[in-house]
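Dear colleague,

Here is the structure I said I would pass on. My notes on it follow below.

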Amino acid sequence: MTQVKLDMSGFKTIEKALSDNYKVRVGILGSSASSNHKNSNLTNAEIGAKHEFGSVSENIPRRSFLKYPLDLKMGEWISKNKSLYYRLLAEGSTRKFYVAMGFAAENIIDEAFNSSGFGTWAANSPRTIALKGSAMPLIDTGQLKNSITSRVMTND
């Protein structure tokens with residue numbers, strides 16, 4: 001009679017990792033959101049919202065630095081990093097994957113700032129260029145760009 005032994009010792013680790021319920025938040029978070037923007041009575045979050053969505057009343061075109069860049073690039077990053085996820089899942093450390101995903105999102109957003117939204121942002125008006133001394137949209141003091149962070153949280 002043949003006996004088969006099944007080693008299930010690694011299953012508990014994977015089962016626990018799969019039950020972890022993480023999400024990543026990326027944007028202008030925490031104290032950065034409520035900090036006043038340099039030379040302005042607006043907060044970083046208010047300035048960010050005006051540019052992310054645009055403002056018809058203030059003649060500010062939409063320059064998405066969060067949603068569009070992440071929609072454009074994040075899926076590719078996830079596809080390229082599936083093996084990392086599976087390895088961390090087997091180790092019971094899926095939180096590390098979400099941390100890495102947050103850093104990747106921050107880098108994608110940084111690329112968007114450096115490339116004028118991957119070439120999609122409207123150019124600054126001649127008046128804006130004269131006021132700030134630069135033709136680069138959303139880059140003046142760097143405060144908005146530097147306020148972008150990520151945070152891993154549980155879905156509870």
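Predicted model: local features only at pLDDT ≥ 70, side-chain atom pairs only at ≥ 80, totals over all residues.

**Two asparagines**

Asn-41 sits in the loop that runs between helix H2 (31-34) and H3. With a relative accessibility of 67%, Asn-41 counts as exposed. Leaving out residues up to four places away in sequence, Asn-41 touches Asn-36 and Glu-46.

Asn-44 belongs to helix H3 (residues 44-53). Is Asn-44 buried or exposed? Its relative accessibility is 3%, and Asn-44 therefore counts as buried. The side chain of Asn-44 makes a polar contact of 3.2 Å with the side chain of Gln-143. Again not counting residues up to four places away in sequence, Asn-44 touches Ile-28, Ser-32, Ala-33, Ser-35, His-37, Gln-143, Leu-144 and Ser-147.

**The chain as a whole**

The protein chain holds 9 helices and 2 strands. Along the sequence they come in the pattern α-β-α-α-α-α-α-α-α-α-β. The chain has 156 residues, of which 32% count as buried. Among the contacts in the chain with a separation of 6 or more, 62% are between residues 24 or more positions apart.

**The core**

In soluble globular proteins, nonpolar side chains tend to be buried together. Here the largest nonpolar core comprises 21 residues. Phe-65, Met-74, Phe-113, Leu-144 and Ile-148 are the ones with the most contacts inside this core. Two or more residues of the core come from each of helix H4 (67-80), helix H5 (82-91) and helix H6 (94-114). Which of the elements gives the most to this core? That is H6, with 7 residues.

Ile-148 shows which parts of the sequence meet there. Setting aside neighbours within four places in sequence, Ile-148 is in contact with Val-26, Gly-27, Ile-28, Phe-65, Leu-66, Glu-106, Ile-109 and Phe-113. Of these, Phe-65 and Phe-113 are also among the core residues with the most contacts.

The buried residues of H5 are Leu-84, Leu-88 and Leu-89. Looking down the axis of H5, these residues fall within an arc of 135°, so they line one face of the helix. Ser-83 and Tyr-86, on the other side of H5, are exposed. After H5 comes Gly-92, which has a positive phi, near 80°.

At 1.5 Å a residue, the 21 residues of H6 should span 30 Å, and the end C-alpha atoms are 31 Å apart, which agrees. Just after H6, Ser-116 has a positive phi of about 55°.

**Salt bridges**

Side chains of opposite charge can pair when their charged atoms come close.

- Lys-50 and Glu-58 form a salt bridge in which the closest N and O atoms are 2.4 Å apart. Glu-58 is partly exposed, its relative accessible area being 41%.
- Glu-76 and Lys-80 meet through their side chains in a salt bridge of 3.2 Å, N to O. These two residues are 4 apart in helix H4, and therefore about one helical turn separates them. Glu-76 counts as partly exposed at 42% relative accessibility, while Lys-80 is exposed with a relative accessible area of 61%.
- Arg-87 and Glu-91 form a salt bridge as well, with the closest N and O atoms 3.3 Å apart. Both belong to helix H5, and because they are 4 residues apart they are separated by about one helical turn. Arg-87 counts as partly exposed at 46% relative accessibility, and Glu-91 counts as partly exposed at 43%.

An α-helix has 3.6 residues a turn, so residues three or four places apart point the same way. That applies to the pair Glu-76 and Lys-80, 4 residues apart in H4, and to the pair Arg-87 and Glu-91, 4 residues apart in H5.

Regards

Notes
Residues numbered from 1 in each chain as written. Heavy atoms only, no water. Core = buried A, V, L, I, M, F, W, Y, C linked by side-chain atoms within 4.5 Å. Buried < 20%, exposed > 50% of the residue type's maximum accessible area, 1.4 Å probe, protein only. Contact = heavy atoms within 4.5 Å. Polar contact = N/O pair within 3.5 Å; in protein donor to acceptor, adjacent residues only side chain to side chain. Salt bridge = Lys/Arg side-chain N within 4 Å of Asp/Glu carboxyl O. Arc of directions from axis to C-beta. Expected span 1.5 Å × (residues − 1).
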